[in-house]
Protein chains: 2
Amino acid sequence: MSLRHAILVLLQDQEASGYDLAREFANSIGLVWNATHQQIYLELGKLSEQDMVRYRHVPQEGKPDKKLYSLTDAGRAELVRWLKKPAGPARIRDAFMVKVAGGALADTQVLLSELDTLAKQRRERLATFEALAQRLDESGRDENVYNYLTVRRGILDQRAWLQWAEEVRHSLEHRSADSTAS
Amino acid sequence: MSLRHAILVLLQDQEASGYDLAREFANSIGLVWNATHQQIYLELGKLSEQDMVRYRHVPQEGKPDKKLYSLTDAGRAELVRWLKKPAGPARIRDAFMVKVAGGALADTQVLLSELDTLAKQRRERLATFEALAQRLDESGRDENVYNYLTVRRGILDQRAWLQWAEEVRHSLEHRSADSTAS
DNA sequence: AGGCGCATGTAAACGGTTACATGATTTG
DNA sequence: CAAATCATGTAACCGTTTACATGCGCCT
């Protein structure tokens, strides 16, 4: 399990609430590891019990109070320990790809429109990441190497996907031109 | 849940045993969806109860008997139904990426050697996929569009990862040159 | 003799998703 | 007035991994 380690990594840079972490998981890191807020609150609870994180209670006006979590020495030690041992292989669950593999039975039009939807999302992400990369590049490239590399991965990933999407569109459109009778 | 649909897609082309499916999940489709044999046997059991697959018992000599599964009409209908509704977003769990993001605390040498290990695996996969793509391209490109596209995704994915790995190596080597004192 | 490949399975533990619940403030 | 944002949480369920179990044949 390394949801816990993903959380520790995020807390390494800055104090954050469970809510903040959930947002980060939905954006940048989300490409690489995802988690819902319930999962995060649960894990923060466990980490806190095990003294790997501590929190301070921050009352707010208008908004609900928040708990700002930060790493303890034990948490940092755990992170360091984990960083040393080899990571398991990456796992993915890409339902759309399963669909393409089973495409013979699928409605080409449905696949094409879904492809468009996904491509749009990817293009938006790509823009976000490119903007982020530029900002990181301007403001001190050496301190932010790790963040920069993470974002670069996101960029290359989106581009590869979009390129593939072009190939798919080409093949499918060619294919649907054959069978305009259906 | 669409492990079930991934299985249905695989059975669409050919009869297979649980063991066969597990192998396919470990290879080609594994890039896109993964599952262990226990999960597959369990799901095949459920699919069989729901009459979406049937099996014939094949006794073998020397080796244990096997059950060869194939799609029923109900199974094919379920696949078609699923293919029509939009797929959820792709999910990934890439532990190595989490490590890079938390790289400030990591030992650069450890990261670099892990990068090498992963790069080697990716290069092997890339070679496998490229060989497969060529074979598909030669033997009738139109019948195999869907398989071909799936393999293309694998190829583009490996290339993007390897390109990223080059950037990471560059950054990390540069970085470790600074602090040869450690 | 030991390990790998074939082939199937059970059981327990753990990880993760979905639904539900609350409640103030801001934005359309 | 409805919906989104901020902020936290519980409970039930489902999906997934890990460990255990069996047994023959082949290769080193």
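Predicted model: local features only at pLDDT ≥ 70, side-chain atom pairs only at ≥ 80, totals over all residues.
Residues are numbered from 1 along each chain as its sequence is written, chains are lettered from A and ligands numbered from 1 in the order in which they are written, and side-chain values use heavy atoms, with hydrogens and water left out.

## The interface of chain B and chain A

In terms of contact (heavy atoms within 4.5 Å), 59 residues of chain B meet 60 residues of chain A. Across this interface the rule finds 16 residue pairs in polar contact, both residues being at pLDDT 80 or more; a polar contact is a pair of N or O atoms within 3.5 Å, where within protein one must be able to donate a hydrogen and the other to accept it, and residues adjacent in sequence count only if both atoms are side-chain atoms.

The elements of chain B that each supply at least two residues of the side touching chain A are α1 (3-13), α4 (73-84), β3, α5 (95-101), α6 (108-138) and α7 (145-178); helices (H or I, at least four residues) and strands (E, at least two) are DSSP runs, numbered from the N terminus. The largest share of that side, 17 residues, comes from α7(B). By class, the residues of this side divide into 33 nonpolar, 12 polar and 14 charged, where Ala, Val, Leu, Ile, Met, Phe, Trp, Tyr, Cys and Pro count as nonpolar, Asp, Glu, Lys and Arg as charged, and the others, Gly among them, as polar.

Helix α1(B) is mostly covered, with 9 of its 11 residues buried; buried means under 20% relative accessible area, exposed over 50%, and partly exposed in between (1.4 Å probe, protein chains only). Among these buried residues are Leu3(B), Ile7(B) and Leu11(B). What covers the buried residues of α1(B) includes α5 (95-101) of chain A, together with α2, α3, β1 (53-58), β2 and α4 of chain B.

## Salt bridges

Over all chains the structure holds 24 salt bridges, a salt bridge being a side-chain nitrogen of Lys or Arg within 4 Å of a carboxyl oxygen of Asp or Glu. Across the interface of chain B and chain A the rule finds 2 of them.

| Pair | N to O distance |
|---|---|
| Arg152(B) and Glu167(A) | 2.6 Å |
| Asp157(A) and Arg122(A) | 3.7 Å |
| Arg122(B) and Asp157(B) | 3.7 Å |
| Glu130(A) and Arg159(A) | 3.0 Å |

Glu130(A) lies in helix α6 of chain A and Arg159(A) in helix α7 of chain A, so this pair ties together parts that are 29 residues apart in sequence. Glu130(A) counts as partly exposed at 33% relative accessibility, and Arg159(A) is partly exposed at 39%.

In chain A, Asp157(A) forms a salt bridge with Arg122(A), and this pair links distant parts of the chain, helix α7 and helix α6 (residues 108-138), 35 residues apart. Asp157(A) is buried, with a relative accessible area of 11%, and Arg122(A) counts as buried at 14%. Leaving aside neighbours within four places in sequence, Asp157(A) is in contact with Leu31(A), Arg122(A) and Asp157(B).

In chain B, Arg122(B) and Asp157(B) meet in a salt bridge; Arg122(B) lies in helix α6 of chain B and Asp157(B) in helix α7 of chain B, so the pair ties together parts that are 35 residues apart in sequence. Arg122(B) is buried, and so is Asp157(B). A network of salt bridges also links Asp116(A), Glu166(A) and Arg169(A).

## The surface near DNA strand C

DNA strand C is surrounded by 19 residues, of which the closest are Gln39(A), Tyr19(B), Gln60(B), Lys67(B) and Arg93(B); a residue is near a strand if one of its heavy atoms lies within 4 Å of it. Sugar and phosphate account for 67% of the atoms of DNA strand C that come within 4 Å of the protein. For Arg91(B), a polar side-chain atom lies 3.4 Å from a phosphate oxygen of DNA strand C.

The largest share of this surface, 3 residues, comes from α3(B), and by class the surface has 5 nonpolar, 8 polar and 6 charged residues.
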